[in-house]
Amino acid sequence: MCGIAGLLDPSLAGQPEALRRSARDMANAIAHRGPDGEGVWIDPAVGVAISHRRLAIIDLSEAGAQPMISADGRWVVSYNGEIYNTEEIRREPSVACVNWRGHSDTEVLIESVASKGITAAIKSLNGMFAMALWDRRERVLHLVRDRLGIKPLFFTFHGGKIAFGSEIKALLRLGFVPREIDAAAVSCYLKFGYVPAPGAILGGIEKVMPGEIVSIGVNGRISRSRYWRLEDAVAEGVDAPLEVSDGEAIEMFSSLLADAVGRQMISDVPLGAFLSGGIDSSSIAALMIASGKGPVRTFSIGFPDLGFDESAYAARVARHIGSIHSELVMTAADALATVPLVPEMYDEPLADASQIPTFLVSKLTRSHVTVALSGDGGDELFAGYDRYKVLTWFSRYAGPMPTRFRLAAGAMLGALPPAILNHVSHLLRGGRVPQRLGDKVRNLSRVLTLDPDGFYTRLVSQVPDVGLHMGDRENPAGLGEAPPGLGVLDRARFLDTVTYLPDDILQKVDRASMAVALEARPPLLDHRIVEFAWRLPPRFLVRNGETKWLLRRVLDRFVPRHLVERPKMGFGVPIGEWLRVPLRDWAEDLLAPARYGGGILDVKPAQEIWRRHISREKDYGYQLWTLLSFEAWRRQWVEQMHRRPAQASDAMAIAAGR
């Protein structure tokens, strides 16, 4: 894993020192991603500069250093990620004549591009990657991102100048990149807690989409093409579903996942795995042990005084499978100390409070190993989220109701006074009446007015009321459209996989792990597994109310069910209570009317939410975290735009403990 950055600036043609200085400055902004080395390559004739920060994983020698030039001299690459099928590619006839300089995946990648062309070479890759390829002959810059969006890649085209980087902070080192907040992106962020690709929080900056190649010529002409689309995998799965028995499906998936795990264990540096004791991470760790490739280290953290602690579950699984397990018990103070570091790590606002424990477990893991396998992707592919159960209920009971009946029922329930119902449920606490009955009835009344797609959007919304925005009152961009003909469950799985997974989960893990120079690899997101999952009939996903049915059956081969069967906990934090007590001063400073929002957010509704939260009228913890995360980000990256340039890298180094 590494950091990449660069620029194409015709105005700097013939100025090699200026080009080199700009590229190195961009790389320094993301030095935390690659502490093991740096490199810059320039083409002064056209004004191109490409930089790289190296986290050495495969071939630790100089033969693996980047930027790397192909043997024929045509191609230059700066690449972030890992390719897991390099040995197969190395044996292909098209590269048989290459005089290999080392054994890095970077060299295999660049020589494959030189022999087969970009599209064919990229399609043949099994891995996670974000890369910049400069074609010296055609004078075209190609930006490429992996199929699922595991690794990030941003770019901007402004005033005839191009810049790209693994993180936005690299682009902001260049004077021509404006720090103007995009109002539409803010609306998306308020709605979902992240900015869906290809948009970005700052105007003029875009994300390369998962499975996309963005090609940019020296004349500024930009073309975009997709070499892989989830839509195609879904369509193929619907057209040709697997017609197999339970036993056959278990055997097929077990072999495929074992192969993916084995491939991702290739490393020239120490390697381990995150282990929460849940289905996904336990499956990955167990298959690592079963691969027989040597001892496996696993890592978990616990927060017993915060009301959630999975470390005991992880320890039991670790003992059973025989991993060398490390766990760290953290206090609330440990977690709270991370909060001020969040805007530095996430240079685009992300309202996922689990970024805090994710960073802390990454920091623990990095103190022992350089690479860690994770269970990310299991919930999206195999229908593990609780909201899928709710959606299934909605489609079965509320969805078929005639619209006029649903609207009438919603109106009647909405007319009931929530305060009175809440008081009744409080008086009857301990009985069968749910607590805060009024809030639940009010929520149900709103749900009944929605169609299935609207209900899904409601479930995944952080702040449903975008009236907190000073500009447009409606969300200008949704979460895309699912292919036609899918049921409610599959539509949700699809939308989660193309939006929530790459733009929230994977970006959260990338920034948290790379802040401490840890490479995180998710075997479940091997594209072969993704394509396999979409060929599965529904009975292999959810059966008799049991989610992730097929993945659980694979795990049954290694771990007794009683060690992993428990209610889904997630990796959250008690953010609502934190804001009321230990983070109250921090929050009130960010909500101060004199500075709040910078003309983007409306302070009055935000303060009303704060008042109701502090008075315990209702828990608005997640909504407030969304607003506060944006404001902390805005002050760091927009309001303080004249701070000294090295500040971000210094803070990241402190966060990493270096």
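This note sets out points on salt bridges, cysteines, helix packing and one proline in a predicted model.

1. Salt bridges in total. Side chains of opposite charge can pair when their charged atoms come close. In this model the count of salt bridges comes to 47.

2. Glu-167 and Arg-33. These two residues form a salt bridge in which the closest N and O atoms are 2.8 Å apart. Glu-167 lies in the loop between β9 (161–165) and α5 (168–171), whereas Arg-33 lies in the loop between α1 (16–29) and β2 (37–43), so the pair ties together parts that are 134 residues apart in sequence. Both Glu-167 and Arg-33 are buried.

3. A network around that pair. Glu-167 and Arg-33 also belong to a network of salt bridges, whose other members are Lys-151, Lys-169, Asp-347, Asp-510 and Arg-511.

4. Arg-543 and Asp-246. A salt bridge joins the side chains of Arg-543 and Asp-246, at 2.8 Å from N to O. This pair links distant parts of the chain: Arg-543 is in the loop between α21 (527–533) and α22 (549–556), Asp-246 is in helix α8 (residues 246–264), and the two are 297 residues apart. Arg-543 counts as partly exposed because its relative accessibility is 21%, where the cut-off for a buried residue is under 20%. Asp-246 is likewise partly exposed, with a relative accessible area of 29%.

5. Asp-232 and Arg-229. The salt bridge between Asp-232 and Arg-229 has its closest N and O atoms 3.1 Å apart. Asp-232 has a relative accessibility of 35% and therefore counts as partly exposed. Arg-229, at 33%, counts as partly exposed too.

6. Cysteines. A disulfide is a covalent bond between the sulfur atoms of two cysteines. The structure holds zero disulfides. As for individual cysteines, Cys-97 counts as exposed at 74% relative accessibility, whereas Cys-188 is buried, with a relative accessible area of 6%.

7. Packing of α7 and α20. Two packed helices are described by the angle between their axes and the distance between the axes. Helix α7 (residues 230–239) packs with helix α20 (residues 488–514) at an angle of about 160 degrees, and their axes are 11 Å apart. The two helices are therefore roughly antiparallel to each other, a term that applies to angles over 145 degrees. The crossing of α7 past α20 is right-handed.

8. Packing of α8 and α9. Helix α8, which holds Asp-246, packs with helix α9 (residues 279–290) at an angle of about 75 degrees, with the axes 9 Å apart. These helices are therefore roughly perpendicular to each other. Leu-257, Ala-258 and Val-261 of α8 meet Ile-284, Leu-287 and Met-288 of α9 in this contact.

9. Pro-522. This residue is placed in the loop between β17 (519–521) and α21. Pro-522 is buried, with a relative accessible area of 5%. Leaving aside neighbours within four places in sequence, Pro-522 is in contact with Met-128, Ile-150, Gln-264, Ser-374 and Asp-376.

Technical notes: Residues numbered from 1 in each chain as written. Predicted model: local features only at pLDDT ≥ 70, side-chain atom pairs only at ≥ 80, totals over all residues. Heavy atoms only, no water. Salt bridge = Lys/Arg side-chain N within 4 Å of Asp/Glu carboxyl O. Helix = DSSP H or I, 4+ residues; strand = E, 2+ residues; numbered from the N terminus. Buried < 20%, exposed > 50% of the residue type's maximum accessible area, 1.4 Å probe, protein only. Disulfide = S-S within 2.5 Å. Axes fitted to C-alpha atoms, helices over the stretch in contact; angles between N-to-C directions. Parallel < 35°, antiparallel > 145°, perpendicular 65-115°, else oblique. Left-handed = near helix turned anticlockwise from the far one by under 90°. Contact = heavy atoms within 4.5 Å.
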